[in-house]
Amino acid sequence: MTRQVEVIGHRGARGLFPENTIEGFRQCLVLGLRSFELDVGMTADGVVVVSHDPALNPTITRNAAGHWLSGTAPLIHHLTFDALRSYDVGRIRLGTPYRTLFRAQKGCDGARIPGWQTSCACPPMQHSSSS
């Protein structure tokens, strides 16, 4: 019996791309991955979102002004979906153990925590061909 090995993008291949983001999932599709592992949570207004942590992770989260979160981060279920979307999760904070662990991760400023439905409908990136 021959078994095929399936490579799965854990949190959207967080070692290479911003975790649990549409940008990360799309890049995984470009690499040929067809399976992803992800976790979900729910916002205060009942939107199911893709997130591993119950609270925003200060190691990967910047506010609307571009400042890294400090102190106790807000819980996702205390935020509305619109409020959650104001946070940028596209880059790992420099100088953190997390950054040392995932040195190869390519940042993508402007990446947001997506809704689960959007993630399920994530189309591959469209590439323009140059003639």
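Asp109 and Arg62 form a salt bridge in this predicted model, with their closest N and O atoms 2.8 Å apart. The pair links distant parts of the chain, since Asp109 sits in the loop between helix 3 and helix 4 (116-120) while Arg62 sits in the loop between strand 4 and helix 2, 47 residues apart. Salt bridges that share partners join Arg62, Asp88, Arg91, Asp109 and Arg112 into one network, and the model has five salt bridges by the rule applied here.

**Salt-bridge network**

- Arg62 also meets the side chain of Asp88 in a salt bridge, with an N to O distance of 3.3 Å; this pair again links distant parts of the chain, with Asp88 in the loop between helix 2 (81-84) and helix 3 (97-101) and Arg62 in the loop between strand 4 and helix 2, 26 residues apart.
- Asp109 meets the side chain of Arg91 in a further salt bridge, at 2.7 Å from N to O; because Asp109 lies in the loop between helix 3 and helix 4 and Arg91 in the loop between helix 2 and helix 3, the pair ties together parts that are 18 residues apart in sequence.

**Exposure of the charged residues**

- Asp88 has a relative accessible area of 9%, which is under 20%, and therefore counts as buried; Arg62, at 12% relative accessibility, is likewise buried.

**Nonpolar core**

- The largest nonpolar core has 10 residues, namely Val49, Leu56, Leu69, Ala73, Ile76, Leu79, Leu84, Tyr87, Val89 and Ile113.
- Ile76, one of these core residues, touches Met42, Thr43, Ala44, Val49, Ser51, Asp53, Pro54, Ala55, Leu56 and Leu84, when residues up to four places away in sequence are not counted.

**Nonpolar surface patch**

- On the surface, Val40, Met42, Val48 and Trp116 form a nonpolar patch, and their accessible area together is about 340 Å².
- Val48, a member of this patch, lies in strand 4 (residues 48-50) and is partly exposed, with a relative accessible area of 31%.

**The loop at Gly32**

- Gly32 is placed in the loop between helix 1 (22-31) and strand 2 (35-37), where this residue is partly exposed, with a relative accessible area of 42%.
- The C-alpha atoms of Gly32 and Val7 are separated by 9.1 Å, although the two residues are 25 residues apart along the chain.

Methods:
Residues numbered from 1 in each chain as written. Predicted model: local features only at pLDDT ≥ 70, side-chain atom pairs only at ≥ 80, totals over all residues. Heavy atoms only, no water. Helix = DSSP H or I, 4+ residues; strand = E, 2+ residues; numbered from the N terminus. Buried < 20%, exposed > 50% of the residue type's maximum accessible area, 1.4 Å probe, protein only. Patch = residues over 30% accessible without salt bridge, like charges linked within 9 Å, V, L, I, M, F, W, Y side chains within 5 Å. Areas by Shrake-Rupley, 256 points an atom, 1.4 Å probe, with all protein chains shown as cover. Salt bridge = Lys/Arg side-chain N within 4 Å of Asp/Glu carboxyl O. Core = buried A, V, L, I, M, F, W, Y, C linked by side-chain atoms within 4.5 Å. Contact = heavy atoms within 4.5 Å.
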